[in-house]
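Please look at the sequence and the model below before reading on.

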Amino acid sequence: MKYLKPLRIAVSLILSFTIAFLFIDYYRYLPEFLRKISLYLQFIPSVAAFSVKASGAAAGFIVVIAATVICGRLYCSFICPLGFCQDIFIRSGRSSGLVKKRGYSRPHYVLFYTLLAASALSCILSGTFFIRWLDPFSIFGRFMAFGISLPLIELNNGIASVLVKNNNFSVSVLNIKPSVSGAIFAFSVFMLIMLPAIFHGRIYCNTICPAGALLSLISRLSFFNLAIDPSSCIKCGKCSSVCKSSCIDYAAGHIDTARCVSCFNCVSVCPEQSVRFARRKIQAAGSKRERVINSDNTSATITRSGFIAGLILLPNMVFSQGKQAGAIYRQDPAKQKKYSRKSYSSPPGSISTDNFNSRCTACSLCITACPTKVLQPAVLQYGLNGIMQPFMDFSSGFCNYDCTKCGEVCPAGAILETGIDAKRRIQTGKSVFVIENCITYTNGTDCGACSEHCPTKAVQMVPFRNNLVIPEVNNAICTGCGACEYACPVRPLRAIYVEGNPVHKTAELPEVREVIKTTEPDFPF
Amino acid sequence: MITRRDLFSITGRMAAGSIFTLAWWNALRGRIYASEKKYDLVAVKGGNSPVELFNTAISQMGGMQRFIKKGGSVLIKPNIGWDRTPEYGATTNPDLVAAVVRECYTAGAAKVYMFDHTCDQWQACYKKSGMQATAVKAGAELVPASSSGYFVKTSIPGGRVLKEAQVHKLFLECDSIINIPVLKHHSSTVLTASMKNLMGVVWDRGEWHRAGLHQCIADFSTLRRPDLVIIDGWRVMTRNGPRGYSVSDVQNMKYLFMSADPVAADSAAAMVLAQSTGIKNPTDIRYIKIAGSMGLGRNDLAKLNIKRITI
């Protein structure tokens, strides 16, 4: 029985480090099966993906439920990366002497299951808007994508800039400027879960987490569970003091298995081997205690933390969007032709903005995997419903015509994997050319940056006055990749922009003309 | 009557003279050799590979040692601007680049660097263009140009419109520069060859688009003239440039141009590109004309000493 805890530590170390690393570099270094399995088992993304297309490829949550039916909430300690992080904090609290002993505490089931019901209901009614704030995988993802990436990028660039001075180019400077406020926000949310963990253990997992709540209900019926053998127990209380869920009432000889996250600390610490993982016995006594209602305290905490999160969230996100890469060419705003984008584009493979908004859990994995950094977290670009979800931000990049990475990595099925041929024809938006703002029109010089970047030549240069050339847009073959908008040097408003398609369309393929043959045998000069 | 003293004196002077001549002999011989072989431009076409064209051209130009410093560093600037395979002709032929790198090392280069400030995501470009494999194979260091951290703010005293640019530090530091563009159609400058390829050396190239592309291309060429220009005209994108849409845009024209004069090289390349595209007046391409008038090189092809070779 003692091997259970080391096994748990080993599995969670591998899976959590894999997932953490996916947010730093998805494609290199890690073997594919490890990437796939670590994402496959993430509960809420898997449920989301299954709801898009019920298939074995998205059935990770069924595996988790099956495991829970047999053994209880293994997921929470073996698989969940946020659980793993809390374990680190819990352990550091104990080993630093900050927390001496943790005993039994009463559950907060009303709040716990109410939040689960609310999450389920809101998913059915309006998609992921509510659950994306509670899902442990997405909270962890945002922490990695925004909270951790900022210091990592700064560190990398610091090292690189020293090396570059000596013409050592082995570390490349990353041209990514993550928003400081985004980092603070993601870090704050993360710490709002981690700091209480030091003192109260897995309180988030047993009070807020919707995956935890569902698995908790299932684990009440599991075949195997942890129980104290009353005949050999000497009531030393060691099990209770190391329990992360504060669910062992050693005096009563009772373990509240609905809160137990299967960390097996108690098994390891018991001097008499009285805590055993065995077939469930019907528990008559003690079960009543579990139903004591004590949600006042926690709900107050939640209201408070929600309020703080809101305080940090909106203003900061709004500010971070404003400061984009340095302006290149400022025209007098009064003289520019005004326009406003009606809708922003959702990633290719997301079918429609509505579909995407209702399915994405905002874990931000695609944002970190996107090679061109066109995917950025939304503030209000999609309206309130799409907050934190990735949108195509053509001021920070454009969608590579030959890239399908966001669809490959999405664990929630919000961005479908379409394959390259289909992806090249997905029209996420259409280019709109505003001639009044174009440099060729206002300054009388050649530019053509938009057409250069266009992968389908939907933006072509056509003759204009004084031997100049000016862009012309053919929307039938435009994919809405945003290369033209990204390349346009005009500010504050650009001379070409992409109007998102709320429902994605199919672009026509550009006409491939015949090869022109040259037959000139001699040098033309 | 020759005295003993005279004899000593004459012998001494003769010895001094011989030493003087011997000391300069190598240099003198090199000069005579070079002036015999000196072409303003070598244009080669045909053959079985761009490497064959290169080998022919470089021997006609008098060897790579004429253009690079022994024991010095060399920057090779290919076009790696797009995330496309070599068949699309959007990027310089990787085999050709490998041959040039090897030739540099043979001629005594201590270190060969390559980079491009790409339009598509840089790692994708480096990989798909075949340039990464080429660099590893031939022993060049393919360095990033993906962040402003690699660039140094530099003033361009000879520029008329472009007075300042953020220039990659290696472009300023390397002892010699070899510019190896691929010849392509270009939607706004009609063609792109050697001078336009140097846009990949600066960080803030949006400024060129803003301030007038043609003038800025010429202006930047005043900063530092590459020691050698090799234009890859093996696969030529004849329309939809500079990115290209499909391989049907590409023609196997099998050309290579080599010159120390970027204006002459671009002028000749323009004439060839005009054969297969709708370019009406290849001698009227604005940035080439401007560069010619600014004295950056010669666009009067008729008056140049050109070696034309068909293999």
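A crossing of two helices is called left-handed if the near helix is turned anticlockwise from the far one by less than a right angle, and right-handed if it is turned clockwise. Helices (H or I, at least four residues) and strands (E, at least two) are DSSP runs, numbered from the N terminus. The model is a predicted one, in which local features need pLDDT of at least 70 and side-chain atom pairs count only at pLDDT 80 or more, while totals for chains, interfaces and linings use all residues. Residues are numbered from 1 along each chain as its sequence is written, and chains are lettered from A and ligands numbered from 1 in the order in which they are written.

Residues are in contact if their C-beta atoms, placed from the backbone, lie within 7 Å; here I65(A), T68(A) and V69(A) of α4(A) make the contact with L215(A), I218(A) and S219(A) of α10(A). Sorted by class (Ala, Val, Leu, Ile, Met, Phe, Trp, Tyr, Cys and Pro count as nonpolar, Asp, Glu, Lys and Arg as charged, and the others, Gly among them, as polar), this contact of α4(A) with α10(A) has four nonpolar, two polar and no charged residues.

Another helix pair of chain A is formed by α6(A), residues 81–95, and α9(A), residues 180–200, which pack at an angle of about 45 degrees with their axes 8 Å apart. These two helices, α6(A) and α9(A), are therefore oblique to each other, and α6(A) passes α9(A) in a right-handed crossing. On the side of α6(A), the residues L82(A), C85(A), Q86(A), F89(A), I90(A) and G93(A) meet I193(A), M194(A), A197(A), I198(A) and F199(A) of α9(A), and the residues of this contact divide into nine nonpolar, two polar and no charged.

The loops of both chains hold some backbone details. In chain A, N167(A) has a positive phi of about 55 degrees although it is not a glycine, and N167(A) lies in the loop between α8 (136–165) and α9. The peptide bond from R491(A) to P492(A) is cis, with omega near -5 degrees, and P492(A) sits in the loop between β11 (490–491) and β12 (496–506) of chain A. In chain B, a cis peptide bond joins G241(B) and P242(B), with omega about 10 degrees, and P242(B) is found in the loop between β10 (228–237) and β11 of chain B.

Chain B also contains paired strands, where pairing requires that DSSP finds at least two bridges between two strands. Strand β2(B), residues 73–78, pairs with β3(B), residues 111–114, in the parallel sense over four bridges, and the bridge partner of V74(B) in β3(B) is V112(B). On to the next strand, two bridges join β3(B) to β4(B), residues 141–142, and these strands run parallel, with Y113(B) standing opposite E141(B) in β4(B).

Finally, the two chains meet: 39 residues of chain B are in contact with 41 residues of chain A. The largest share of the side of chain B that touches chain A, five residues, comes from α10(B). By class, that side of chain B has 14 nonpolar, 18 polar and seven charged residues.

Technical notes. Axes fitted to C-alpha atoms, helices over the stretch in contact; angles between N-to-C directions. Parallel < 35°, antiparallel > 145°, perpendicular 65-115°, else oblique.
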